[in-house]
Structures are given as C-alpha cells and as structure tokens.
Amino acid sequence: MSETLLEVHGLTKDFPLDRRRCVHAVGGVTLAVDEGETLAIVGESGCGKSTLGRMLIGALPPTSGEVRFRGHTITGLKERDFAPYRRQLQLVFQDPYASLDPRMKVRDLIAEPLVTHKVCVTKDEVTQRVLGLMEAVGLPTDYLNRYPHQFSGGQRQRIGIARAIALDPALIVCDEPVSALDVSVQNQILNLLSELQERRGLTYVFISHDLSVVRHVSTRICVMFLGKVMEIGPTEEVFCEARHPYTQFLLDSVLPPDPHLRDRPMRLLSGEPPSPVDPPSGCCFRTRCPYATERCASREPELRREGSVRVACHRVAE
Amino acid sequence: MTHSTLEVSHLYTSFFTEHGEVRAVQDVSLAVGRGQVVGIVGESGCGKSMVARSVMGLVRKPGKIVSGRILLKGRELTSLSEQELCTIRGRDISMVFQEPMTSLNPTMRVGRQVQEVVTIHEDVPKQEARRRALEALGAVGIPEVEARYDAYPHELSGGLRQRVMIAMAMVMRPRLLIADEPTTALDATVETQIIALIKQLAETGTSVLIISHNLGVIAQLADYVYVMYAGRVVERASVLDLFDHPLHPYTRGLLGAVSSLRGQSKTLQTIPGVVPNLAHLPAGCSFAPRCDRCVARCASEQPELVTVGSGHEVRCHLAKGADAV
Amino acid sequence: MDPSQNANVTSVVEGELSLASATTSFEEPASVLRRLATDHKVAIVSTVVIVLFVLGAVFAPVLTPYQYDAINLSNRLAPPSLEHLFGTDEGGRDVLTRMLYGSRVSLVIGIVPTLLSVVLGTLIGMVAGYYGGKVDTAIMRVADIVMSFPTMLLAMVVMYTLGGGTTNVFLTMVLVGWSGVARVVRAETLKLKESEYVEAARIIGVRRARIILRHILPNCLPTIIVLFTLDIPSSILTESSLSFLGMGVQPPSASWGLMVSTGREFLYYAPWLCFAPCLAIMAIVLAFNYLGDGLRDVLDPHLQSQ
C-alpha cells in the first residue's frame, strides 16, 4: 500500500446562523488520502462535501479537528507558515464561469500562481511557463491574450486546471469539476485530469454528485450524508455491494442511459431531507431509512471496518 | 398519430442582436401524441429550450418566431395575441422550469400560488379553487398537504418545490406539459422521484414534452426522442431505436460519451471540438467540423432530414437512403 | 447571486445560447461608447453637452472679448442683445463672460472634490469590506455619523469656522463625500469577496493587498465610475448653494451659485441675471445625471439583460 498523503481527524465545521443556532456542515470526519489515489467524495447537495474539500486544502479553517499533510499538522498555522503547503494543495472549481476573474487575460490568470509564489522571476520565464501549462491542458497557445468570456465552458475549465497545476501540487481537490459542462466536453476534461494524474503523479480528491463519473475516475469512494461519512471503501467494492442503506439508495437513483432498463422497479427514498441545523439524534439517516430501529435513534453508529470497507450503520455491524 | 396534441412544423426562431441574426431554432418539426412522452435532447445552446419557449409563446425580445406553425389540438398558436396566449398557458399547455427556487414567488404561500392558477382561468368560488389546489398538491405526492398549503417556498426542500411547480402546471389538467430540464437542479434521489411522477402523469393521458441534456432522463421517460444540434433536429426516432441504432454521428458521439463512462477503458470517448457559434454557422452540416466521418459534401451542403426506417429520421449525408441521391 | 456573471453574455436567451462572440467586454472604452450610442442616445447628447461646457471653461478668454471683472457702469443691467448675449449685470459686466469663467469654478469644484472623495471612499470602503470585523465596524460607524449629518449644515459649520473660499469648499465636500462612496464600495467588496475567483486567488496564495488591487478594485471600477458621474452634479449643486448663501466663492470671482445669488436682487427687472446661470446649472447637472445613468446600464452586467 502506498503512503498516506493527507489525514484528517475528527474534522467538524459549524456555520453560525444566529446567536443560538448553527449549521452543522461537517460533523467529525476522519479519513486518509493515499499518495497517487483518487478519493471520491459523493453525496447530495448540503451533505458537506464541498466544505470538507475546502478544509482539506486549508482554504477553510475547521471548527475542530485537524488536517495533517505528510505528517505535519497544517490546521491553525499562520499565513506565513502555511505558505509552503499552499503550493502543495490546490483546488479546481465547479463553475468555470465564476472562478476566473473576468477582467484578467488568460496569461495573467495562469501566471498568477507563478508570480505569487515567485516560481519564475523574469517576464520571459513566466511567459514560457504559461505557454507550457497551456499546452499541457490542451489550450491553443495563441489564445494567450484573451479574456475568459471569449472561451467556452470546457476551455475555461482547462484554464482553471492550468492554474491548479502551475505550482506542481501534490494534491488537487476537484470540486464538481465537470458538472457544469456538457456531456461531450465533460469527458474531455475527465481525460485531461487522468492524463495529468499519470504524468505528474497527482493525488485527487474528487467531489461529485454524479456517480457514473465517480465510478470511472476514483479508486476509493467516500459517501457522505448530512456532514458525516456513511461508507468509505474501494470504489468497485462499494458499487458492487453497497452496505449502507443510503449508499444503496444513491446507487439505485442512477438513471441508466438505456431505455431497456426503464421498467425496472425504482426504489424511492421516502421522507424529507433532515435539517443540518437540527440533525436527528443517533444516526442522521434514520429518519429516511427503511430499516431504522430504536437503537438508531439512541446511538450514533461508528464507522466500522467490514473487510476493506468501513460503514457507519448498526444494521451492518451485526 | 392523426390527432397529435402538439404539432410543430418548420419552426424557425431567431434572435436579432447587434451581432446579427442568431438562429436558435431552424426548421424544427415535431409531434406529441396524446399521452405520449416526447424528449428533446441536446447540449447547451442547441436550441432545445427555445423550442419550448416558442411553443409557450414565451420567446423574449430580441427573439422572435420567424416562421413555422405550432398547432395545439389543431389550433394555430403562432398567430394568437398575447392575451389569447395567456388563456391557453396554464390551462391547455403548462411548463415546468429547471429552477424550482426562482420560479415560485417567494412572498406567497405555495397553496395560494396553485390556487391562483385556477382562479385566473376559471370563475370559481374560492373554496372550490382551494379544494382543487389541494387535490393537485396531493396528486403530485406532497405529504401533509393541508399543512404545506400555507408554507412559503423557502420552507420547502428543492424536491417539494419542484412538486409544487408540477402541481401548478397540472392543476388545470392541461393537455400538454412541457418540462424543461425538470430534474437538473435536483439531487439524484429526488430526481428519480420526480421522474416517477412525470411517468404517472403521462399514464393518465397528459402529453409530455421533456427537454433534457441528460440521456439517462430521456432513456427513462421518453417514447420518442428528437436529438438537436446547433438549432436543428439531427435525428428523430423511438427511444429504443435511438439508443440501439443511433445513426447520426453526433448521437453516436453522445451515446458513446455516456456509455464509455460505464465501460472499462481508461480513456473516455469524447466529441472533439466545440459547439459552433449560432451567429456564424458553417455552410454545410453544422456538425461537420467535429465529425470524424465528414466528407467533402458535408462542408458545403446542408443535409435534409431523411427517413431511414419506420419513424426513424436522420439529418446526415452518410445515412443509408440519403446516399441514393 | 454571484456578482461575476458578467461574462455570461446575451442572457436574453437565458442560458440557452452562450455566444462566445458577443463581446460585452467593458474593457475597451470604444465598446462602451458604441453601446452607449446604440442604447442610450441621451447619454451621448449629455457627453456632448459636458464636453462643450469643458471647452467653454478652458477657452473662455478666446471665446469672449470681455473681461469677467471689467466694470462698465454706463452699461448696467443691459438686456440680452447681440453684443451681450445674456445681457450685463449690475456692474455692467457681460453675463456670458462671467458664466464662462464661472464654469471653471463650478466644474473644478464639481469634479476635483468628487474625484478626491471617490478615491478616498473607495480605499476606505475596500479596506472595510475586505478586512471586515472591528475595522469594518469602526469605519462604517464613522461613515454613518457623517452621512446622518445634513450636508449643507455641516458645510456651513466648516465654512463659518474656517471661512469661505475655494479651498474650504473643497475640504467640506471631501469630508462629506467619501462616506457615501465608502458605503457602496464596501457593499460591492463584500459581494466580490465571496466570489469564487477571489476564493480561487486566495487558494493560490495571493496576498490580501494584491487581491484588493488586482481582483476587487478592477471589478468595482464600473460601479465607481458611475458613482463618480452621479456625484458630480450634487457637488456642483452644493457649491452653487454655498456660494448662493455667500459662503463659497467670494466676489469678484465668478461662480454660477454666486451669480444666481447676486442676480436674485434684480429678478424683476433683469431676470436674465438669474436665469442664465440657473439654466447652466440645470444643463450640466442633467447632463452628468443622464451620462451616469447610461454608464450604469452599459457597465453593470446585472442590468444588461433587462
């Protein structure tokens, strides 16, 4: 097994709503990311996956818990002490429209990380590096002086990726990198990401709600619900034999692009999503779980190892 | 298909901008029969939503229907005034939009919003309107209807809001429901619920025109599928035909892209290049620049939609039957 | 809502067509002018009016054969004629000449203090907005207090304690003017701070000062330009009011407000003394207002679709 690159312990994040209440976005996540792997974090909107992703790269301070990068604790560091880790931990955004400053040219956008971290000194050097990066992500180099609005969504996402890899990071969190893109373009970006991973030995944390994408790109998968990890394990294993009831529902909700499968019975999740302000007692999924018992309401299930998978469910533990 | 609920023939819709005419919809013909679910699939900018807006008479300036006929149960819609269209919208045709958050009035209780649709179209006592609104909300699977009736949109989850939207669309029992990306903004588990609901509606005799970029949604719902690219219909077939025997290179590309995600190969299938700019379309086939089977003729001559099998039409020079020319 | 959707052009079609070619770039002044010319003809007329006023002020000595302070008592209160287009005043001075010279004062006082307060307000607003917390609270309380003061009253207090004259008019106007600008810029900064591209810059490791200068300021600029053009008329009016009340520019210097003030005494038998400068004030104020409105429509991406 390869080495652990990033570990998090008991990571929580609460966003205060007013004086009394707060949104429990992430509630005690412990996991590790191995060097060179792609760990997918899946879950529905509001499950805390993006918040977790931001905390992993130190872009958002956790309420409690710690993040360790190659054994060094990086939570609570001062800006100056954090700077070397900044280069190692990068993010690709979901929305290629909103994440690029509309008033900057492509050359300045891609040069920004290089200039900020003084990787290149002379202007020529910067331009050379920018051109190299544009080539690496498949952008025509004669577009150097264009503005973001002159590009299509897919090309903009390439600019975002070029910015992320400019500093040769060890880990990139990809936050829904293809969900704003069309099907045909989506695959171009996914191919680019896997090509870059191979060539540069990158480690990805891939946040997505699209399970078919996740199945293709990831080596391990982490299923989240209401800020907590429900199940985590090797992708194929989770897809073939989901243990947690929520994972099962999630997998069942994938619509196969095959009309021959349309009359299979659909399993529909009942009830309404619980509120992250006032989560249910015990297991947070119990209000929607068809197998819930009294024990689920009284005690929160721990993540327990089941073979190579870890699951947080009382039912599985038996 | 003699009594189609909706028949669109040779529809052209354009936008007249300072950069010239942008042809959003070109020569689109389609028919939706009673109780049928017809899907339009395509990527962003292909004009699929514009077809829906044209049918609803909701094309905004500087856009305009240039020519073509839209028949609802035999009644021509393109020549109607705005006032006449208002009596048809919501009663005979309704539309469900992608964003259940922005399509509801945030300051009005959801029940009242459904009730309002009834009172706009029919002169009924308030009690009766309320009863029908409650019935519609119940029919779309909203639990504890009486309590939800007085809720404000922000108090409901995204899935419930979309159900309210569908209730508003269905309360007058329209003949045709147009659903424009009805599940795109929703979570996967909610998406399956909404799809099951739309299926149910179709079974009770409502015709549905569903617009989506998601081939999964189309495969699950549609009986007939129109594939659009750069403003034109490039292929039309029954859902089984289309997924089993796609003929147009673009359709093949789309299906290939989606199915390769499920395959074993490390490299995913893609369609090279980008969608053409609608203000500067190529002279010949608009897909030619991205097509791997493009021949000389494709670049110069716009292909016609030709029938290649029973109910299967394709707009490609290379399709069988088209070669006979 | 995210503020940076300006790149998402031709929203008329609501997400259906994203035309990469339809450049709504606010970058080039030429394109701004072109869009003003197509959709906001009044703004173009206004620009012409403003340019004419500026030219008049600059070339005043060339445009008129008279001196603005040359007293000619034999020709007092002469009505408009070919010789004196707007007549003469109580000292026999040519009104048009005095208006041309007066426009120097009015335009300078309209533009310079406004520019200063916009620069000051922008800096303060961006710092308050970006740093937040106590800095923000402190700055905004001060701004609130300044804003809650009636402008004219505050101006009068300053003028009484420090005396009249152009410099003090400047001072007063900057003292009051920055607070409104700071508020708007702060709000804009708060919005931009939450935008994804600012977050993206932070994740890359860009320092605060640079984020403010490279990302926040350029994206605030359209708002600031509009604010500037809309603040100029109120500055011109403030100056006029102060001079009218005898606390601004002192005679024999000419300023429009002063001219209205002195002309008031002769309103019945020499109305041109009052009307001519009044019309000038009205014209320039309207021109700047319309230009500001036009610029707002062209530069603000959120208003574009409507």
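The contact between two of the chains takes 31 residues from chain A and 33 residues from chain B. On the chain A side, helix H6 (183-200), helix H7 (211-217) and helix H9 (245-252) each supply at least two residues. H6(A) gives the most, with seven residues. By class, the side of chain A that touches chain B has 14 nonpolar, 12 polar and five charged residues. This is a predicted model.

## The sheet of chain B

Chain B has an open sheet of four strands. Their order is E2-E1-E4-E5, and the pairing is antiparallel. Strand E2 (20-32) and strand E5 (75-76) of chain B are the edge strands. Each of these edge strands pairs on one side only.

Look next at strand E1 (residues 6-17) and strand E4 (residues 63-72) of chain B. They pair in the antiparallel sense over eight bridges. One residue pair can be picked out: Glu7(B) has Leu71(B) in E4(B) as its bridge partner. H1(B) packs on this sheet and touches E1, E2 and E4 of chain B. The direction of H1(B) makes about 105° with that of E1(B).

Is helix H1 of chain B largely enclosed or left open by the rest of the structure? Nine of the nine residues of H1(B), residues 48-56, are buried, so the helix is largely enclosed by the rest of the structure. Among these buried residues are Lys48(B), Met50(B), Arg53(B) and Met56(B). After H1(B) comes Gly57(B), with a positive phi near 70°.

The loop between H1 and E4 of chain B holds Pro62(B). A cis peptide bond joins Lys61(B) to Pro62(B), with omega about 0°.

## The sheet of chain A

Chain A also has an open sheet of four strands, in the order E2-E1-E4-E5. Its pairing is antiparallel. Here the edge strands are strand E2 (22-34) and strand E5 (72-73) of chain A. Strand E1 (residues 4-16) and strand E4 (residues 64-69) of chain A pair in the antiparallel sense over five bridges. Within this pairing, Glu7(A) stands opposite Arg68(A) in E4(A). Helix H1 (residues 49-56) of chain A packs on the sheet and touches E1, E2 and E4 of chain A. Its direction makes about 125° with that of E1(A).

## Two domains in chain B

Chain B is divided into domain 1 (6-92 + 174-324) and domain 2 (102-173). Their centres, taken over C-alpha atoms, are separated by 30 Å. Where the domains meet, 12 residues of domain 1 are in contact with 13 residues of domain 2. Helix H7 (residues 188-203) of chain B provides the largest share of the domain 1 side, five residues. That side divides into nine nonpolar, two polar and one charged residue.

Gly159(B) lies in helix H6 (residues 158-170) of chain B. Is Gly159(B) buried or exposed? A residue with 20 or more C-beta neighbours within 10 Å is buried. Gly159(B) has 22 C-beta neighbours inside 10 Å, so it counts as buried. Leaving out residues up to four places away in sequence, Gly159(B) touches Leu186(B), Val190(B) and Gln193(B). Thr189(B) is 30 residues from Gly159(B) along the chain, yet their C-alpha atoms are separated by 9.4 Å.

Lys118(A) is not a glycine, but its phi is positive, about 50°. Glu144(B) is also a residue other than glycine, and its phi is positive, near 50°. The table gives the place of each.

| Residue | Loop |
|---|---|
| Lys118(A) | between helix H3 (106-116) and helix H4 (123-136) of chain A |
| Glu144(B) | between helix H4 (126-139) and helix H5 (145-149) of chain B |

How do these residues sit in the structure? Lys118(A) has 7 inside 10 Å, so it counts as exposed. Glu144(B) has 9 inside 10 Å, so it counts as exposed.

## A helix in chain C

Helix H5 (residues 133-148) of chain C is hardly covered. Of its 16 residues, one is buried. How far should H5(C) span? At 1.5 Å a residue, its 16 residues should span 22 Å. The end C-alpha atoms are 22 Å apart, which agrees.

Technical notes:
Residues are numbered from 1 along each chain as its sequence is written. Chains are lettered from A and ligands numbered from 1 in the order in which they are written. This is a predicted model: local features need pLDDT of at least 70, side-chain atom pairs count only at pLDDT 80 or more; totals for chains, interfaces and linings use all residues. A residue is buried if 20 or more other C-beta atoms lie within 10 Å of its own, exposed if 12 or fewer, and partly exposed in between; C-beta atoms are placed from the backbone. Domain bounds come from an automatic or database domain assignment. Two residues are in contact if their C-beta atoms, placed from the backbone, lie within 7 Å. Ala, Val, Leu, Ile, Met, Phe, Trp, Tyr, Cys and Pro count as nonpolar, Asp, Glu, Lys and Arg as charged, and the others, Gly among them, as polar. Two strands pair if DSSP finds at least two bridges between them. Axes are lines fitted to C-alpha atoms, for helices over the stretch in contact, and angles run from 0 to 180 degrees between N-to-C directions. The expected span of a helix is 1.5 Å times one less than its number of residues.
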